[in-house]
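Work through the exercises below with the model open. Each task is followed by its solution.

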Amino acid sequence: MAQALFRLVLAFSLLALCTSYKNYQTNIPNGDAVTHPCKENLVWQGVGHEFMLGGGKRNPFGEDFAGQSHTWTDDLCQDDSDGDGRTNGEELGDPSCTWTKVVD
């Protein structure tokens, strides 16, 4: 019985961990539709992380995003976090840096 309860608590904890940062996707333009850099038919759910599903080490965009308090700012939009010659705004579909978060 104790082992079953432990497994249930662990499952709910992992579920909360996996979904708790998904709200960051709403803090950037098209955050729920960022594609894999090499496979355009796959969505990169872990935006800001090296691991496609999120968690673990942050990528350069994730470091910059955290440095802006997880907020889409003009500076973050105009920056080129991954150094590929395109701004973050261009890559996320906000080249003019005019996107604002929709609050429900």
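**Exercise 1.** In which helix does glutamate 90 lie?

Solution. Glutamate 90 belongs to helix 4. Helices here are DSSP runs (H or I, at least four residues), numbered from the N terminus. The model is predicted: local features need pLDDT of at least 70, side-chain atom pairs pLDDT 80 or more, while totals for chains, interfaces and linings use all residues. Residues are numbered from 1 along each chain as its sequence is written, and side-chain values use heavy atoms, without hydrogens and water.

**Exercise 2.** Find the disulfide and describe its setting.

Solution. Apply the cut-off: a pair of cysteine sulfur atoms within 2.5 Å. Cysteine 77 and cysteine 97 are the partners, with sulfur atoms 2.1 Å apart. Next, locate them. Cysteine 77 sits in helix 3 (residues 74-78), and cysteine 97 in the segment after helix 4 (88-91). The pair links distant parts of the chain, 20 residues apart. Then take the handedness. The torsion about the S-S bond is about -90 degrees, so the disulfide is left-handed. Finally, check burial (buried is under 20% relative accessible area, exposed over 50%, partly exposed in between; 1.4 Å probe, protein chains only). Both cysteine 77 and cysteine 97 are buried. Cysteine 38 has 67% relative accessibility, so cysteine 38 counts as exposed.

**Exercise 3.** Locate the salt bridge and classify its partners by accessibility.

Solution. Search for a side-chain nitrogen of Lys or Arg within 4 Å of a carboxyl oxygen of Asp or Glu. Glutamate 50 and lysine 57 form it, at 3.9 Å from N to O. Glutamate 50 has a relative accessible area of 46%, so glutamate 50 is partly exposed. Lysine 57 is exposed, at 59%.

Key
Helix = DSSP H or I, 4+ residues; strand = E, 2+ residues; numbered from the N terminus.
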